[in-house]
Amino acid sequence: MIYTKKTPWTLILGIIMVAYAYMVQAGIMEPVIKYLHTSKLAGEMVILGYTCGIIAILAGLVQAFSTPKQGNFDYYLSTIGGLAFILIVAFIVKWVLDPQMSAWGKAAQPALGFNFASVMNLNYVVMGIVAGIIVVNVFKVPHWAENGVRMSRLGLKTGVVLLGVLYSWEELRNLAGLSVVLIGFFVLGSVGITLWMGARRNIPNSMGGVLSAGLGVCGVSASVAAAPVVNAKSTEIAYTIGTILLWGVMCMFLFPIVGKAMGMNYTQFGAWAGTGILNSAQVAGAALAFQPTGIETLKVAEIFNITRILFLPIIVLWLAVWFVKREQTGERVNLGQVMFAKFPVFVLGFILMFLLGSTGVFAPAQHYQGKYFDNSEKAMVKTDKDGKVTDKRLKDADAEKLKAEADKLQREDQKAALARLIQEKKVMSPDHDTLVRGIVNSKVLSKEASDILKKQHEAVYHTAKKIAMFRDIIAWMFTFGLTGLGMQITMASIKQAGGQPLVIGSVVGTLKAVGSLIVVMLFVSEIV
Amino acid sequence: MLKPKHILLASHGTPGARAAERAAFALCGPKATLHHLIVVPDFWKGMMGDDWLNNASTRDTYGRYVEGELENEVRRHIASLQRQAAKHRIRYRPEVVFGKPEQCLRERIARGRVDLVVLGAPRPKGKSGLRSYMVTEKLLRALHVPALIVPYPA
């Protein structure tokens with residue numbers, strides 16, 4: 001079968017990207033950039049526009065003038081048009097719609113009394129997914145773009161793999177322990193409740209099997225993996241996947257709103273989203289919707305997501321054994337084969353990148369959350385091109401303000417740390433920094449004094465350039481992947497939500513979301 | 001009174017469609033031909049949803065499994081009607097297509113000779129079943145042959 005279609009669109013999209021990059025570089029887009037306040041994004045507009053545009057142009061020329069032969073090259077060539085199509089949508093959303101929506105939110109605030117763009121989290125991640133959903137349901141994904149749209153999941157997988165670089169041993173140890181306990185409890189709990197409810201409502205074992213995998217582990221992906229193992233009927237599959245998609249999309253919008261309303265920190269929200277959202281694709285969406293300008297929440301959420309993904313082969317295997325015991329039609333399964341076939345290989349990539357990151361290849365080895373400690377004069381005092389000097393050491397006026405509030409501190413170690421900061425005009429070591437941050441977290445000092453201390457912490461912790469680059473690439477991978485996944489969520493499939501799966505799904509979905517919220521609010525308070 | 005020679009029965013496996021099948025057989029005279037259009041609704045195309053974490057082999061297995069399930073359902077459906085047609089000595093011509101049920105039906109009517117179209121009524125509210133409708137306003141406006149819409153079974 002030949003996959004590559006003769007279409008001028010890949011070439012056209014490539015030309016549009018390159019032309020846009022050129023216009024930004026030449027300053028033609030300056031008025032638009034100024035109006036949208038996107039000058040910070042001009043660099044990525046040029047780099048991404050040229051890089052992706054040139055690739056699309058080359059692929060477009062090959063598509064137009066060559067006769068493809070059956071094989072891998074033909075398949076991958078056929079995906080370039082779709083990938084360019086997703087990118088164009090993502091560019092429009094991130095560089096135009098996102099800043100415009102933010103401006104509209106601010107403009108409407110006096111009339112509405114709240115910033116609708118901020119309250120509803122209408123940022124580029126949410127709008128990217130919504131744009132994808134609109135494209136597939138209103139306009140349809142063009143024929144020539146279908147293979148590329150299906151490839152978008154690689155964006156998410158690559159994002160998760162690269163995310164491994166940003167964790168330190170300390171973070172991973174803290175998060176992994178927490179996630180195994182929480183996910184273990186909620187995965188097994190929801191699988192158990194689903195099977196119990198299914199038995200009470202007399203649903204067939206095949207339906208109970210496919211539904212419990214979807215509701216318990218990681219949504220659509222788990223149902224896809226489990227359906228053939230438990231011999232699910234076509235209507236059972238349709239009901240289950242419709243129900244999970246409906247819940248997933250709903251949760252992606254609701255979770256960030258609730259999280260903000262409850263004043264959750266990044267760790268709490270990441271843990272909640274990673275545990276409580278039924279469908280794993282929407283976990284990243286919700287995390288990025290909650291914190292669009294950073295990836296701390298995403299890092300926490302993805303550890304929880306990876307933990308439950310690791311439960312997938314185990315649960316599928318268990319369901320296979322469970323089904324064989326109950327049904328004569330069930331085929332005996334090869335345990336090793338199921339474990340091997342269902343194991344998410346990309347998690348190994350994540351672990352590999354984490355191990356590479358901890359060797360200090362990308363950032364100094366003692367980095368924490370991608371940041372490393374450096375209080376040398378070279379790092380604290382900088383001179384720009386025009387000769388302007390920026391000194392981040394503690395100013396005399398700020399030192400006086402801190403001195404005036406020193407008596408408020410009760411703990412001797414904190415008193416000593418503050419005195420040392422005032423004397424040395426900078427944080428002297430990571431341990432000293434821990435004590436200074438402890439003063440901020442204790443909320444004993446005034447807001448002004450706390451802000452001065454926060455600035456001193458930021459002055460000695462620096463983000464490695466390579467880590468900053470990884471953050472940008474990861475954010476783009478997720479934006480691209482989620483926009484593409486949005487293009488695979490059809491209303492026709494969501495409409496199939498119904499029957500017993502909708503009833504059981506609603507009960508289990510609500511229990512999981514509310515239960516994990518309570519557990520997270522009670523037991524997860526520290527910022528990891 | 002209508003004496004159709006070519007009856008087009010359109011169904012995609014719902015209880016309403018099964019009621020239409022019974023009506024179509026009742027309407028078929030001795031020399032009538034029953035054309036049976038079976039539509040596999042195109043929402044199945046989106047039934048992998050936004051799965052992103054399975055590997056290609058798991059997705060292939062799932063795709064083949066769902067295709068197989070749908071194929072078996074259609075095969076059983078055709079075999080059952082074939083038996084009834086043989087019993088009533090009616091010529092039976094099945095045709096399986098994939099797409100939007102309403103659009104597939106309009107295209108089938110436009111393509112070949114049809115004297116009467118027999119359809120099942122849409123599923124009443126509160127009854128469970130897949131949501132894929134064949135009787136739509138668009139279809140009714142486009143029809144240029146008589147149509148019989150059989151009530152949903154009680």
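Mentor: Helices here are DSSP runs of H or I of at least four residues, and strands are runs of E of at least two, numbered from the N terminus. The expected span of a helix is 1.5 Å times one less than its number of residues. Helix α1 (residues 15-27) of chain B has 13 residues, and its first and last C-alpha atoms lie 19 Å apart, close to the expected 18 Å. This is a predicted model, in which local features need pLDDT of at least 70 and side-chain atom pairs count only at pLDDT 80 or more, while totals for chains, interfaces and linings use all residues. Residues are numbered from 1 along each chain as its sequence is written, and chains are lettered from A and ligands numbered from 1 in the order in which they are written.

Trainee: Which residues of α1(B) are buried, and what do they pack against?

Mentor: A residue is buried if 20 or more other C-beta atoms lie within 10 Å of its own, exposed if 12 or fewer, and partly exposed in between, with C-beta atoms placed from the backbone. In α1(B), the buried residues are B:G16, B:A17, B:A19, B:A20, B:E21, B:A24 and B:F25. They pack against β1 (6-11), β2 (33-41), α2 (56-88), β4 (116-120) and β5 (147-150) of chain B, where a contact means that two C-beta atoms, placed from the backbone, lie within 7 Å.

Trainee: How many residues does each chain bring to the contact between chains A and B?

Mentor: Chain A contributes 34 residues and chain B 24. On the side of chain A that touches chain B, α12(A) gives the most, with six residues. That side divides into 19 nonpolar, ten polar and five charged residues, counting Ala, Val, Leu, Ile, Met, Phe, Trp, Tyr, Cys and Pro as nonpolar, Asp, Glu, Lys and Arg as charged, and the others, Gly among them, as polar.

Trainee: What does chain A contain in helices and strands, and what share of its residues is buried?

Mentor: Chain A has 25 helices and four strands, and 48% of its 528 residues count as buried.
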